[in-house]
Amino acid sequence: MAVVEQPCYTLINFPTDLEPCNEMQLKLDLEKGDTKKKIEALKKTIGIILSGEKIPGLLMIIIRFVLPLQDHMIKKLLLIFWEIVPKTSPDGKLLQEMILVCDAYRKDLQHPNEFIRGSTLRFLCKLKEPELLEPLMPAIRSCLEHRHSYVRRNAVLAIFTIYRNFEFLIPDAPELVANFLETEQDMSCKRNAFLMLLHADQERALTYLSSRLDNVHSFGDILQLVIVELIYKVCHTNPSERSRFIRTVYGLLNASSAAVRYEAAGTLVTLSNAPAAIKAAAACYIDLVVKESDNNVKLIVVGRLGALRAEGGEGAARALPDLAMDVLRVLASSDLDVRKHTLQLALELVSARHAEELVQVLRKEAARAHSADHDDAAKYRQLLVRAMHKAALKFPEVAGSVAPALLELLGEGSEAAAHDVLLFLRHALHAFPRPQGPHLPETGGVRAQRARGQAGPRRAVAARAVRRHAGPRARRAARARRRHRGRRRHAPESGPAAAPRRLVTSDGTYATQSAFNLPASGAAEGGAAEGGARLGGALLEGESFTAVCACSALAKLALKLPRQEAARALHLAAVLLARHKQNAGQRGGLTADDMEHAALCVQAGLAGAGLGGGAGGADVRRALLDASDAALAALLALPDREPHLLEDVDKEREPKRQEQKVEIETGITFSQLAGAGASGSQHDMFELALNKALQGRSGGEAIDRGKLCRVRQLTGCSDPVYAEAIVSVNQYDIVLDVLLVNQTDDTLQNCCVELATLGELRLVERAAEVVLAPRDFASLRAHVKVASTENGVIFGNVVYEVTGASMDRGVVVLNDIHIDIVDFIQPAHCSDADFRQMWAEFEWENKVSVNTNMTDLHEYLQHLLASTNMKCLTPEKALSGQCGFMAANLYARSIFGEDALANLSIERPLHKPGAPVLGHVRIRAKTQGMALSLGDKINMMQKASHQKPADPTPAA
């Protein structure tokens, strides 16, 4: 026997630590107590009924001693009590006691207090027993003529609900409500009456609306919302009516209510695809998002603008670019997410005609953000840098305005923004190899050319700049700075020693940097801040990798400069190399790879410039210049090297459009010829929005395989009560659908499932108690709320009582239900810079050693991605090949907005063929629970046997 759930309209929260109630004490309080005791007893009775227990003995006592009272609090509690109390006997017939309750309803509908009348009418909307409603119909009709609007509007709702559920009780409801609508003056009553006609009799609603089309703008906002819904439904069913109502929808775009304007704009673009209609709707959206103060509303409207651009077709392509500059007005918001979505939308909408104006607005925003003192100012400047970078790549003609604007941001102290500026300069020099006019100023051009080893028309300028920063004068300044540091080091210490700084390289490995290795600040060095002292300090006294890059750039310059300048450039490269080699003990020195790379660059530069006497100058030039250009082009062509403003997770959440496959012999439906019958094939946006809100987050393949894949066995097959549960995860809720089977020949009373949780889980609804006949079964349901992304455990037992003289109590312990963290995380994307920044900021790290029987590196990576639901950020090209070693970065984001990072470093011993993969996985997260849970998931994945399907071999 399956338990049929009763319809629920009211949720009441009771404390879990309440003492058990005595039924006899409740009867005494309800019968002989004062008003205060009766209120408390009635509350306890409601709690007992909601917990699943049945107390039929109290029903008649409440009817005799509580129902006649006129206290308003008791009246409210009685409405809840009559809603939840069982009104029928086990055979489905109405209880005799409910006749007395029906008479009490009738008296309340005639009560002089309008609040009691209105509350009773609202309660009647929840009744599902026509036997109780039939005697009350005359009283409900009379409430339509009450003097107070609260009673009249609830009377309309009651008539609407009764007509929808039991039409035979009031068959003339549409005519009655239509006559009421003609004479009603209160706007809330007119809204309810019009809403009923919309769903019950659209012809009468259209007749009423057609006679008042010119006065729609004077209606209240609640009635205007229903009118917009009616217009959409009518035009959705009968497209020929569009021309009749489109002027009304245009007028509602200027309504005083923001909700009416939003719905009117959405309806307008469904009625017409003309550029003028799309432009009017988009302008309305922009005005809404600018004037609305709620950031959630701003995000919704900006998302609606993006959807309008994607789905508007040719009309949107013609109308929306003119509004790109108006979209930038949204940047006045202080929320970073709103600004991020706005910049992305503006860059998608802008055309070449407004590109220059867009850059100017972004420059002003950057200057305003520099003076701002809020927490997200640095991140906002980084977004502006990426936006200007993307605008310059999309419209090369504005690169001349973007470059000086970005160079102004280079020295503002924001490391993330400066990194993005240099990425732009590198990308711009590759995309515009021969800048003309003001496209790349001298400062930016020289800096970027040093980074790439290309100088173009400014080769001599670049050589002189490097010589100025790393030549003899710079070396003398460096010696003076070392002497100054030596005097400070021998002076008495005034504070604790500087702790080493722990950094992370691009492949995820650690690097340690001491404060003594950093370039001296301008305040400590006096006049060292002028010209390029910091660059000179980075070349001469900074980390060795910077010097190696400078040597490579000088070698490439030597291949392009005249012979004399080439010799100076190579001499300077050799001096830099020798200096870092000589001072190896002070700063850690050059690594073997750095030393080999720098020496090869200098030797190749000598051979290519004809200074070394070696052969193969053309091959060296081609290897150093052409091959490096090709490698840079391949690097910039990767998708993850583009300046993303938004993460790809926002795109992954959107449903992917699937190509509709139609059979050959399927008939073609012409909507113009099919008439009203074709409306079933169309989609109602109101129904789609409601279904999307109710369905929650999709579960992927698990839903396709059905519920059977989520069944968990909770007890053994030989236990007196067999139990199994279907575990369904829906965003922040976990639903347990428990099946109980009585495997004994006895009747089990008060059989219930008692559950408890470990971790960030909270039981919000306890399963009701049931009575199981011999060999009977029942279905129960429990709800668990999830608070964070961590592994959790649900445990408990089944408690029952055996019918008989002894009333033995039995307990069956349930198997634990482990909630997997994978159900709450999903693959996401972030840039390399964001990954490194989060890796350095996150405090919790969990290092997991690889212990598997797999022998292939790529196979282990794919198995790890499938098990943890993470995404690999390392490009596929970087992972290709068989070198015996693999390093990859993984990223995921939870439904709570938490980030999870992982770095995979594995290898396969080359001297041991067939040996398993070795290495480790380092996990970093902001919270300890997420880092530990992901580590446990990886360990469980490794313990599970990974068996390949055996190849079928034919029998001999």
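| Charged residue | Ring | Distance from ring centre |
|---|---|---|
| K190 | F219 | 5.1 Å |
| R339 | Y380 | 3.9 Å |

A word on where this comes from: this is a predicted model, in which local features need pLDDT of at least 70 and side-chain atom pairs count only at pLDDT 80 or more, while totals for chains, interfaces and linings use all residues. Residues are numbered from 1 along each chain as its sequence is written, and side-chain values use heavy atoms, with hydrogens and water left out.

Now for rings against rings. Rings of Phe, Tyr and Trp (its six-membered ring) pair if their centres lie within 6.5 Å; planes under 30 degrees apart count as stacked, over 60 as edge-to-face and the rest as tilted. That rule gives seven aromatic pairs. F835 and W839 are stacked, because their ring centres are 5.8 Å apart and their planes lie at 25 degrees. Both residues belong to helix α39 (residues 832–841), four residues apart, or about one turn of the helix. Helices here are DSSP runs (H or I, at least four residues), as are strands (E, at least two), numbered from the N terminus.

Are F835 and W839 buried or exposed? Buried means under 20% relative accessible area, exposed over 50%, and partly exposed in between (1.4 Å probe, protein chains only). F835 comes in at 5%, so it is buried, and W839 is buried too, at 1%.

On to the nonpolar cores, which are sets of buried Ala, Val, Leu, Ile, Met, Phe, Trp, Tyr and Cys residues joined through side-chain atoms within 4.5 Å. The largest one has 150 residues, and W82, L121, L124, I140, F194 and L209 have the most contacts inside it. Helix α16 (residues 275–291) supplies the largest share of this core, nine residues. A separate core has 31 residues, including I821, M854, L865 and A892.

C717 sits in the loop between β3 (711–713) and β4 (721–730). With 59% relative accessibility, C717 is exposed. Leaving out residues up to four places away in sequence, C717 touches Y722 and Q743, where contact means heavy atoms within 4.5 Å. C717 and Q743 are 26 residues apart in sequence, with 8.9 Å between their C-alphas.

Terms used. Lys NZ or Arg CZ within 6 Å of the ring centre and 35° of its normal.
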